[in-house]
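Hi,

Here is the structure I said I'd pass on.

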Amino acid sequence: MRWPVLLAWGLALAGPPACAQAGLGAQAGPATVAASRADAGGPAPSGDAAAPERQLLVMLRLPPPHYRPDAGYGGRYLDDGGRGARHRIAEELARLHGLKLVSDWPMPTLGVDCYLLEAPAGGDPARLAERLSHDPRVEWAQPVAIYSGMDGAAPTLYPMQPSARYWHVAVLHRAATGRDVSVAVVDSGIDGHHPDLDGQLASTENFVDGSSYLPEAHGTAVAGIIAARGGRQGILGVAPGARLMGLRACWQQGGQGARCSSFTLGKALNYAILHEARIINLSLSGPPDRLLDRLLDAALARGISVVGAIDPQGPARAFPVSHPGVIAVAQQGRGGPLAALPPTLGGAVLAPGQDVPASLAGGGWRFVSGNSYAAAHVTGMLALLAELRPGANGAQLERLLVPGRGPNAATIDACATIANTTGACTCSCASAVTLRSSRQP
């Protein structure tokens, strides 16, 4: 058995480059992300998915003779002389430290190249990262972390969608559907053949080595809540006009939900930024991670909205909601918009997340509960607002989402939010009158 290690190659930005950990959901530990335990799936594939808890991320300093910060550099490495030089140094470091080079990926958004390495049995990821950090070519090194999707226990079934009951989404669609707003769903695979999602995926990319793109439970449920097209059967998404990027950074594990690694999540975030996603949905939680934090910095600096799910049992500083600028989301109580707010949620945004009908990979539907699905509702609402205010950045869209929000948790009044954004009543405007003075540009 060997311990994987990830090396990232710095390419020269105006600040130290970064390679970090991230994933779905909050479980501290070495590098992996786990999503819903209720999600079904087969055995973990090889490569990225083989043993992420035994992986390290390492950033290396190198000159940038061939660095190209454009979308054309967002896939694999260019076949140039710089690649060969970087590879030789990575191989040399692996040899010096008794490691095996497993995989690699460019991160032009941060000006780094990442290398995934495997350490010998019994190796200590934290100690290996510390040792590699002392090499003059290494910017920093770190163990990979573990994350989980924010699912809850199977709920009692309800006959209606909470988004219909509380948000009146069908009525809101008279004003906006999220038309052509690009939403990156960084998750497990999405079933694009499901009736709810047929034609809703603008693109799909697989960032899990050793496994092809697969339709999986957690990603399909999240995508359906955001953008299900509606019809005689099935559910109606909050923003059926949105165009989804299905970025598979997580893989299903039977009985254990979906899991992701810092490496796979980093690749997906890098792709979403380079391909100009307007909103990034991260229905996951886990320990803070330097690489992923740096990528979120890059996304937020470009005006991208980032939505994350709060881990109700995790630490206060769980990723991604610990990151400044990320919209932290939790499910609201069964009483709907006017339910009492949990006092421990701070400045969280509350949205429907209990007893939610969701698209099921392979066809059909199931009821789900959890903060993952509350986050998906908020992502859909942001897509509606992004259509209505195409020039607004992420911070401006967040102010539109819950006008006048203070330090306490706040539930979205969807009708009032759309009314205050458009200046016209689409559904009930009782709340809009009191909020109109808080309307943001």
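Cys 250 and Cys 260 form a disulfide, with 1.7 Å between their sulfur atoms (the cut-off for calling a disulfide is a pair of cysteine sulfur atoms within 2.5 Å). The link of Cys 250 and Cys 260 is right-handed, with 100 degrees about the S-S bond. Cys 250 sits in strand β12 (residues 250-253) and Cys 260 in strand β13 (residues 257-260), so the pair ties together parts that are 10 residues apart in sequence. Both Cys 250 and Cys 260 are buried, where buried means under 20% relative accessible area, exposed over 50%, and partly exposed in between (1.4 Å probe, protein chains only). Searching the whole structure gives 1 disulfide.

Before you go further: this is a predicted model, in which local features need pLDDT of at least 70 and side-chain atom pairs count only at pLDDT 80 or more, while totals for chains, interfaces and linings use all residues. Residues are numbered from 1 along each chain as its sequence is written, and side-chain values use heavy atoms, with hydrogens and water left out.

On confidence, the protein averages a pLDDT of 77, and 72% of the residues score at least 70 (pLDDT is the predictor's confidence in each residue, from 0 to 100). Residues 9-47 stay under 50, and the model has 228 contacts beyond four places in sequence for them; contact means heavy atoms within 4.5 Å. Residues 431-441 are below 50 too, with 21 contacts beyond near neighbours in sequence. Where pLDDT is low, the predicted coordinates should not be read in detail.

Now the helices. The protein has 11 helices and 20 strands, taken as DSSP runs numbered from the N terminus (helices H or I, at least four residues; strands E, at least two). The axes of α6 (residues 262-274) and α7 (residues 290-301) come within 10 Å and cross at roughly 10 degrees. Helices α6 and α7 are therefore roughly parallel to each other, a label for angles under 35 degrees. On the α6 side, the contact includes Leu 265, Leu 269 and Ile 273, and α7 brings in Leu 292, Leu 295 and Ala 299, among others. The contact residues divide into 9 nonpolar, 3 polar and no charged.

Helix α5 (residues 217-227) is mostly covered, with 11 of its 11 residues buried; among them are His 218, Thr 220 and Ile 225. Across the protein, buried residues make up 59% of the 441.

Cheers

Definitions and conventions:
Axes fitted to C-alpha atoms, helices over the stretch in contact; angles between N-to-C directions. Parallel < 35°, antiparallel > 145°, perpendicular 65-115°, else oblique. Nonpolar A, V, L, I, M, F, W, Y, C, P; charged D, E, K, R; others polar.
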